[in-house]
Number of protein chains: 2
Amino acid sequence: MMKSHAQKRTADRGKSKLSRFARQLLREWKRLNLPQADARVVVAVSGGADSVSLLLALDELVQSGKLNVDFPVAHLDHRLRKSSGNDARWVKALAKRLRYSVVARSVKVSQRAVATQDNLEQAARHARYAFLFDVAKEMAAQIVLTAHTMDDQAETVLLNLLRGSGSDGLGGIEPVRLLAQGSGVALVRPLVSWARRSDTESYCRARGVDFLMDEMNDDQRFARVRVRRQLLPLMASFNPKIVESLARVADLAREDSAALEKEADEILQLAISNNSKTGAHKRLKVQPVWSAASALRRRALRQWIRECRGDLKRLERVHILAVESLLFGERGGRVVELPGGAKVARKRDLLEYTE
Amino acid sequence: MMKSHAQKRTADRGKSKLSRFARQLLREWKRLNLPQADARVVVAVSGGADSVSLLLALDELVQSGKLNVDFPVAHLDHRLRKSSGNDARWVKALAKRLRYSVVARSVKVSQRAVATQDNLEQAARHARYAFLFDVAKEMAAQIVLTAHTMDDQAETVLLNLLRGSGSDGLGGIEPVRLLAQGSGVALVRPLVSWARRSDTESYCRARGVDFLMDEMNDDQRFARVRVRRQLLPLMASFNPKIVESLARVADLAREDSAALEKEADEILQLAISNNSKTGAHKRLKVQPVWSAASALRRRALRQWIRECRGDLKRLERVHILAVESLLFGERGGRVVELPGGAKVARKRDLLEYTE
């Protein structure tokens, strides 16, 4: 059946009413196979242009009937600035005006940093993700969104490059990952693969909605701020599309890393099989690991240590290389001590992990 | 038998006489399994501090009896500067003084660049490697050395990063590779893994030997020069060991790349097997490639196209992605045209390459 002129006009209007920003978000939403109906998805909103634009665009998609999803807003006051209480009130007011529920809490990040010996940025990140996990559980939501942009991606790639990272670090921010291992909650970044920071700002302005400025974004004591204000502009003088290029570097590195981790896992399974006793994974056959390419060998050893130890805290490349050296030669009795006190020993054709 | 005091003293003196630079070169020489006797190894010498220091250190190792190897010197005059004829004479005089034979030739790189549509840097590199290959053949040498340093490595990594490269590009300069596919001549960079450019300069000075300065090293129209003069110094303000860190990035990327290319080759062999007819490699079974991780899938397709086509000239990522898209879905008849006119078509459960 052909559409009448009137129908066609309405359809066109319906389509053109959706902003370009919301349309791009919807395309990414579908590409990531996120639920379009009957779901609850937590949106982390700091009040900056990134997260405000995300919330506004999701609201556009809800209002236009493209998404039938509940979007509770989560805001954590890190109490790193005197004005942070105002930010929380501002975010609550915005969510209320848009008719989304809000969970806002506050945590004294500086105290936690002292307790955990993390730096402020790490402590803030840990506190934030713990908070988002709690909110997801309380709300029975399986998905949490953060509004990282392609600019955040480029900055993360460069920060890791400056440290001399391999493909794990160069992979940068993952568009989809688990919020915590075994948590069953997905952490999704629906802007990171396409939205520039400037896009989020123009979209907020076009919607006539204000956003907050974080003065820490201007504090050049933070490496990330200097990457943004000094390094990226210089790199843009070589390649005006540098942010997109670094995002591609990240995509390629994540693809490489995924293929290599999978391969390393197969080697690991081979090396710990036929050990049916309890704690059998704490013994590793040397041969299958030794004969693998070095990129796989080192990844298999790291996976093995993570399985034995529960985590990779304070484990550096130098420790993996020391364990790797146990694979070479025949001589048993050699031992490598890991941070925290666990040991790996070479025993004939096995490596053995002991606490 | 114990050594006499006199013997011991002589041995110590013999050891301490070797400069730190020459000792580090010797360590790398052994690590790379290069021949310590009865061999002829071509040394490419431009006259800059890098190649002069390499030649001087090799000579130290010959004089001290550590290496019993013939080192003919190869110099190519690119005729890009008026004074380049003087450089050639200077290199000839240096080699003569050290009693090594010299092959010096000249080529008008600017003319070749016009003919081949390469840019000047590419044309110079092609001309240089063609020349080194000729010299190796004429001299019956299986190894050619170039004096790339760790600084060259860092610059190469950054230039490729600026382009948005994957691990192939981030792998930078290979310490050992074939000079040309199937050539049987190894191209070795015995300085790239450890020597800073400043080390080569101080070593030349310590030996009291002059070196040439290439004014093109100051020409900021070249991206490489701007990377050296602007980008690396800014990055060093984040990490004073940035050159070493970027060299590690390159090492890790090369390791990843090697493991992935090997894996991709296995997939490719699976996908072209059971096709015993001539030209069978021009038919590729879809299933083994389709089911691989994307990092492997794309590498397998690139390897396949290189085998069918003979090279990868002008083949961009976009072409690989287009061929990859033929793997998805069942519909035959779809065709992708490659630069130069060859085509890849989907035919049922096969991809078919035709010129």
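Mentor: Buried means under 20% relative accessible area, exposed over 50%, and partly exposed in between, with a 1.4 Å probe and protein chains only. This is a predicted model, where local features need pLDDT of at least 70, side-chain atom pairs count only at pLDDT 80 or more, and totals for chains, interfaces and linings use all residues. Side-chain values use heavy atoms, without hydrogens and water.

Trainee: Why is A:C204 called buried?
Mentor: The relative accessible area of A:C204 is 0%. Buried requires under 20%, so A:C204 is buried. B:C204 also counts as buried, because its relative accessibility is 0%.

Trainee: What makes B:R298 and A:E255 a salt bridge?
Mentor: A salt bridge needs a side-chain nitrogen of Lys or Arg within 4 Å of a carboxyl oxygen of Asp or Glu. Here the N to O distance is 2.7 Å, so the pair qualifies. Between chain A and chain B the count is four salt bridges.

Trainee: How many residues of chain A are in contact with chain B?
Mentor: Taking contact as heavy atoms within 4.5 Å, 37 residues of chain A touch 37 residues of chain B.

Trainee: What is the area buried between chain A and chain B?
Mentor: Buried area is the accessible area (1.4 Å probe) that two parts lose on being put together, summed over both. For chain A and chain B that is about 3200 Å², 65% of it on carbon and sulfur atoms. In chain A, the residues losing the most area to chain B are A:L161, A:L162 and A:F238, together 21% of what that side buries.

Terms used: Residues are numbered from 1 along each chain as its sequence is written. Chains are lettered from A and ligands numbered from 1 in the order in which they are written.
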